[in-house]
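This report describes a structure made of protein chains. Please keep the display below in view while reading.

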Amino acid sequence: MAEPAVPVVVRPFEIIGRRTIELIEVLGRFGSFFLLALVSMVTPPFKTRAFVDRLHYIGYRSLLIIILTGAFTGMVLGLQVSLTLSRFGSEAFLGPAVALSLIRELGPVLAALMVTGRAGSALTAEIGIMRITEQIDALTVMALSPFRYLVTPSILAGIVTFPLMTALFDVVGIFGGYLVGVKLLGLSEGTYFGEMRTFVDLHDVMTGFWKSLSFGAIVTWVATYKGFYVGHGAEGVARATTQAVVLASVLILVWDYFMGSILP
Amino acid sequence: MIKVRGLTKSFGGQPVLRGVDLDVPDGSITVIIGRSGGGKSVFLKHLLGLLRPDSGEVMINGTDITHLGSRAMDEVRQHYGVVFQGGALFDSLTCFDNVAFPLREKTELGPDEIAKRVEQRLEQVGLAGVGAKYPAEISGGMRKRVAIARALVTEPEIVFFDEPTTGLDPVLVNTIHRLILTLHRAYGFTAVMVSHEIPEIFELADTVAMLHEGRIVAVGPPAAIQGSPNPVVQQFIRGEPELKA
């Protein structure tokens with residue numbers, strides 16, 4: 001039986017209600033997707049080969065972009081912070097300023113954004129194409145869980161590789177700052193690294209670590225989710241890939257603020 | 001034995017299946033024919049447990065799979081082999097690895113035994129020597145044959161074919177049909193096939209069922225379907241265009 005027509009005055013409320021229900025459904029599916037991935041992480045069978053493949057895909061193949069962006073971020077920081085500090089006669093603090101900026105903030109965020117652009121988008125496209133070409137259905141009807149082969153290894157690899165890539169980004173960035181501050185602008189090497197040792201402690205390193213670890217989970221969660229529930233055809237894959245990159249990038253920045261406000 | 005009773009399914013209020021009844025006897029080849037958009041693929045997905053119906057039953061060897069949880073459904077799927085429309089081969093694996101995949105993941109067989117079985121299956125589908133190639137490096141017809149080899153490598157009781165010859169030339173269509181028939185005789189599996197290939201499927205099928213507007217409108221041996229007085233069946237098998245009022 002057809003539903004009775006909704007009176008005009010009630011229509012806006014109906015639309016708001018429908019959109020709200022849709023939003024709650026999507027959030028529920030998004031959340032249960034992650035929960036299922038977490039459960040698969042701690043219950044056998046474990047797909048070690050798939051995990052190692054993902055480490056290579058997300059981690060190793062992002063190394064060049066991490067080194068490149070890390071180096072230039074450090075060099076820009078070295079230049080700009082040095083100019084700012086010179087106005088206050090505090091050039092000696094260039095080392096800790098560069099290191100703290102990178103370790104606490106820029107390293108985790110920029111490394112995560114770079115890997116989102118390179119590996120996150122590729123992950124969504126790959127899983128999306130597997131969906132539209134029925135490869136995911138093929139796994140399902142073989143009585144094999146697509147989650148264990150595609151989603152769980154990716155999220156686990158993200159959690160493992162993001163902190164490592166962030167560490168690399170930080171180290172390369174610090175040396176980028178050193179190149180500009182010490183080699184180019186003439187600050188003493190001992191001051192650059194000595195002051196860094198004085199002002200940077202384990203709390204700062206752990207802040208960056210927890211951020212990068214959570215970014216790894218967020219980026220791979222979003223990328224695999226968008227690929228898994230892709231629309232139809234090539235257009236669906238293209239849309240899902242764009243959405244994955246945009247959503248992951250926004251979530252990185254929002255989560256960064258949240259983590260920054262609760263971590264010491 | 002596959003027994004389907006009163007299967008209904010709607011998407012967004014639009015009915016696709018309106019009460020499908022069908023029996024598929026053990027060891028037979030049943031071909032489901034019907035116009036595009038008539039619900040054949042949706043029906044097949046219900047048999048595979050990829051979709052849940054709004055109402056009705058799908059009995060596989062006495063078990064109604066419409067209410068099974070994922071673990072119990074996986075038990076049923078242990079007896080399945082599926083050939084998807086596009087083959088659904090894993091792009092990142094070679095043809096050999098594609099065929100070996102179910103054996104490696106679902107059995108305790110050693111590498112030598114797996115290699116032996118895979119080579120044997122590839123040879124049966126006429127593709128000995130192409131194991132090292134990736135799916136992207138072989139033709140559409142070869143991909144379908146690799147998909148058939150993969151579906152049969154675990155010697156399943158029931159094999160589902162979703163339009164296995166779509167997009168192939170007439171010679172390849174007959175080659176694939178003959179291959180399916182040969183393998184069916186060799187292994188005795190129950191086959192459920194969705195196909196558009198008229199009249200070729202009449203030489204292949206034990207039973208033909210026509211699905212039209214969400215219902216089975218005719219079912220029987222090929223000769224009975226070819227001689228069916230139902231105008232919808234006759235229009236379809238003759239390929240006559242639909243007359244608009």
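Domain bounds, as used here, come from an automatic or database domain assignment. For chain B this assignment gives domain 1 (1–79 + 157–166 + 174–245) and domain 2 (82–155). The C-alpha centres of domain 1 of chain B and domain 2 of chain B lie 25 Å apart.

The model is predicted, so local features need pLDDT of at least 70 and side-chain atom pairs count only at pLDDT 80 or more, whereas totals for chains, interfaces and linings use all residues. Residues are numbered from 1 along each chain as its sequence is written, chains are lettered from A and ligands numbered from 1 in the order in which they are written, and side-chain values use heavy atoms, with hydrogens and water left out.

**Chain A as a whole**

Helices (H or I, at least four residues) and strands (E, at least two) are DSSP runs, numbered from the N terminus. Chain A has 9 helices and 0 strands. Its C-alpha trace spans about 80 × 55 × 30 Å along the principal axes. A residue is called buried under 20% relative accessible area, exposed over 50%, and partly exposed in between (1.4 Å probe, protein chains only). Of the 264 residues of chain A, 47% count as buried. Contact means heavy atoms within 4.5 Å. Among the contacts in chain A between residues at least 6 apart in sequence, 84% join residues at least 24 apart.

A:Ala112 lies in helix α4 of chain A. Is this residue, A:Ala112, buried or exposed? A:Ala112 counts as buried, because its relative accessible area is 0%. Leaving aside residues up to four places away in sequence, A:Ala112 touches A:Gly107, A:Phe162, A:Phe215, A:Val219 and A:Ile252. From A:Ala112 to A:Val10 the separation is 102 residues in sequence and 45 Å in space, C-alpha to C-alpha.

A:Ser82 has its place in helix α3 (residues 63–87) of chain A. A:Ser82 is buried because its relative accessibility is 12%. With residues up to four places away in sequence again not counted, A:Ser82 touches A:Leu77, A:Leu94 and A:Leu185.

**Where chain A meets chain B**

The contact between the chains draws 15 residues from chain A and 21 residues from chain B. Within the area that chain A buries against chain B, A:Glu134, A:Val141 and A:Met142 supply 41%, more than any other three residues. Buried area is the accessible area (1.4 Å probe) that two parts lose on being put together, summed over both.

A salt bridge is a side-chain nitrogen of Lys or Arg within 4 Å of a carboxyl oxygen of Asp or Glu. The side chains of B:Glu105 and A:Lys47 meet in a salt bridge (3.1 Å, N to O). On the side of chain A that touches chain B, α4 (94–132) and α5 (135–141) of chain A each supply at least two residues. Of these elements, α5(A) gives the most, with 6 residues. The residues on this side of chain A divide into 9 nonpolar, 3 polar and 3 charged. In this grouping Ala, Val, Leu, Ile, Met, Phe, Trp, Tyr, Cys and Pro count as nonpolar, Asp, Glu, Lys and Arg as charged, and the others, Gly among them, as polar.

**The two interfaces side by side**

The table uses one further term: a polar contact is a pair of N or O atoms within 3.5 Å; within protein, one must be able to donate a hydrogen and the other to accept it, and residues adjacent in sequence count only if both atoms are side-chain atoms.

| Interface | Buried area | Share on carbon and sulfur atoms | Salt bridges | Residue pairs in polar contact (both at pLDDT 80 or more) |
|---|---|---|---|---|
| Chain A and chain B | about 1400 Å² | 65% | 1 salt bridge | 4 residue pairs |
| Domain 1 of chain B and domain 2 of chain B | about 1500 Å² | 65% | 0 salt bridges | 6 residue pairs |

**Inside chain B**

On the side of domain 1 of chain B that touches domain 2 of chain B, β7 (158–162) and α6 (170–187) of chain B each supply at least two residues. The most comes from α6(B), with 5 residues. This side of domain 1 divides into 11 nonpolar, 3 polar and 4 charged residues. In total, 18 residues of domain 1 of chain B are in contact with 14 residues of domain 2 of chain B.

Helix α3 (residues 95–106) of chain B has several buried residues, among them B:Cys95, B:Phe96 and B:Leu103. The buried residues of α3(B) pack against α5 and α6 (146–184) of chain A, together with α4 (111–124) and α5 (140–152) of chain B.
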